[in-house]
Amino acid sequence: MTWLGDHLGDILGLTVRHIYLAGVPLILGLFIALPLGWLARRYKGLYPVLIIGTGLLYTIPSLALFIMLPFLLGTKILDPINVIIAMTIYTVALLVRTVADGLGSVPEEVNQSATAMGYQRVRRFMSVELPLAVPVISAGLRVAAVSNVSIVSVAALIGVEQLGSLFTDGFDRAFLEPIIVGVISCVALALLFDGAILGLTRLATPWQRAGEGSS
Amino acid sequence: MINRIFAWLTDGAHWQGYDGIAARLIEHLGYSLIAVLVAALIAIPLGLYIGHTGHGRFLVVNLAGAARAIPSLGLLLLAVLWLGPRFNGDIAFLLPAGLVLVVLAIPPILSGAYAGVEGVDPDARDAAKGMGMGGSQVLRHVELPCALPLIMSGIRAGTMQVIATATIAAVVGLGGLGRFLIDGLAVRDTPQTASGAILVALLALSVDMVLAMVQALIVSRGLTGRYKRVKTFDPDAGVTPPAPALQHVA
């Protein structure tokens, strides 16, 4: 375990980069998926188009996407922006369906009541539909967060540094310890992301706990 | 650059031989097919059993989530480095890599099969029992056909995972299309790397499309609603249903 002690600083640096590469796409992806999901819900014909289209994007293996993006965007292959964009694409692909289904889970009576109370479309979306869709969207976001953390590690193969670099370094030197530490750090980070989203969801949906403890 | 990639892809010499595109494509498909098949043979019966009996439900629900958190690259390199030295020759990387592919394909297929059976309409199950079907008959004639759409989505998700991981497995010496990416990156042969990436993406897309077609063929029309031009009432459409003909008589 001396290796771990000697490299704590490095591991911390890689962890921070990993959080950045997996976390930023999660936020970007959510903000892109919200309007797309709303469109898919609003215009029924768009739903299958968006679901199939994003589904196709999701099938592209991550290493292939990391390598193709620089050619499509004209960026440098080592630029972390490629990883950010690739992960944003995966996040959007997962979340569009979730957002559409989440908005669909809002009871129609609730929407009609809001309209009857004078809520205009935008305000109704922001203060009635979106908050009520939070539990479903959050479930999708947790899946996206956990898989993002794991997929980002593949970027070590194209030379973008994060926790996955511990895998390739360890393998090149036939040294198990960095790989084990890397896997454990990745899983721990995934759990951290998952827990953070779960906590934010609890804060955003106080009504879900309204019945708790009152029995 | 696009021209150079196109030139690489259309060069006949790159398609032939033991390390040509055709051979690598067949290798990639072969590894993936075997891994998904083995995983399905383990995961589908297990998922059906858990869905049918309810034993071990906790295990499945958590396994699918936990598996997603495990980085496939780390697992792969760990397995080869750890298990590899115990074997000689090609087996030293083939066996650990194959094992990892199977292990990664199991959770999505297992949770698909489980969720499929779990989600079967209880009325359909009751009706089958009422018709005198025994436990295994209900499973084979009602639960399995009703669970097929989710079993197939599990297989599709597992297959995509396997194709992606088999690409990465070129790092540990596995063949397949990943070779073009990994070797191309190592010698900075950009046209080869980019061509490899395009081929892998095309392979994944085509395999998923084939599986989607298989799914459309084998899933009962009673579930998909793919009937020949029969007008049905869609409760989501928000249109008032046409009045039943009986009302006119009454």
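Because the model is predicted, local features need pLDDT of at least 70 and side-chain atom pairs count only at pLDDT 80 or more, while totals for chains, interfaces and linings use all residues. Residues are numbered from 1 along each chain as its sequence is written, and chains are lettered from A and ligands numbered from 1 in the order in which they are written.

The secondary structure of chain A consists of nine helices and zero strands, where helices (H or I, at least four residues) and strands (E, at least two) are DSSP runs numbered from the N terminus. The C-alpha trace of chain A spans about 65 × 50 × 20 Å along its principal axes. Of its 215 residues, 41% count as buried; a residue is buried if 20 or more other C-beta atoms lie within 10 Å of its own, exposed if 12 or fewer, and partly exposed in between, with C-beta atoms placed from the backbone.

Chain B comprises eleven helices and zero strands. The radius of gyration of chain B, taken over C-alpha atoms, is 23 Å, well over the 18 Å that the globule rule (2.2 Å times the number of residues to the power 0.38) gives for 250 residues, so chain B is more spread out than a compact globule. Its C-alpha trace extends over about 80 × 45 × 30 Å along the principal axes, and buried residues account for 42% of the 250 residues in chain B. Among contacts in chain B between residues at least 6 apart in sequence, 70% connect residues at least 24 apart.

Between the chains, 30 residues of chain B are in contact with 34 residues of chain A. On the side of chain B that touches chain A, the elements giving two or more residues are α3 (57–69), α4 (72–83), α7 (135–168), α8 (178–186) and α9 (190–218) of chain B, and α9(B) gives the most, with nine residues. The residues of this side of chain B divide into 24 nonpolar, four polar and two charged, where Ala, Val, Leu, Ile, Met, Phe, Trp, Tyr, Cys and Pro count as nonpolar, Asp, Glu, Lys and Arg as charged, and the others, Gly among them, as polar.

Helix α9 (residues 176–204) of chain A packs with α4(B) at an angle of about 150°, their axes being 10 Å apart; axes are lines fitted to C-alpha atoms, for helices over the stretch in contact, and angles run from 0 to 180 degrees between N-to-C directions. That angle makes α9(A) roughly antiparallel to α4(B), given that angles under 35 degrees count as roughly parallel, over 145 as roughly antiparallel, 65 to 115 as roughly perpendicular and the rest as oblique. The crossing of α9(A) past α4(B) is left-handed, a term used if the near helix is turned anticlockwise from the far one by less than a right angle, with right-handed used if clockwise. In this pair, Leu176(A), Ile179(A), Ile180(A), Gly182(A), Val183(A) and Cys186(A) of α9(A) meet Gly74(B), Leu75(B), Leu77(B), Leu78(B), Leu81(B) and Trp82(B) of α4(B), so that by class the contact has ten nonpolar, two polar and no charged residues.

In the second pair, the axes of helix α4 (residues 62–73) of chain A and α9(B) come within 9 Å and cross at roughly 125°, and the two helices are therefore oblique to each other. The crossing of α4(A) and α9(B) is left-handed. Ala64(A), Ile67(A), Met68(A) and Phe71(A) of α4(A) make the contact with Thr193(B), Ala194(B), Ala197(B), Ile198(B), Val200(B) and Ala201(B) of α9(B), and by class this contact has nine nonpolar, one polar and no charged residues.

Thr193(B), which lies in helix α9 of chain B, is buried, with 26 other C-beta atoms within 10 Å. Leaving aside its neighbours within four places in sequence, Thr193(B) is in contact with Ile67(A), Phe180(B), Leu181(B), Gly184(B) and Leu185(B). In the loop between α8 and α9 of chain B, Arg188(B) has a phi near 55°, a positive value in a residue other than glycine, and Arg188(B) is exposed, with 9 other C-beta atoms within 10 Å. In chain A, Ala174(A) is found in the loop between α8 (164–172) and α9; its phi is near 50°, also a positive value in a residue other than glycine, and Ala174(A) is exposed, with 9 other C-beta atoms within 10 Å.

Methods
Two residues are in contact if their C-beta atoms, placed from the backbone, lie within 7 Å.
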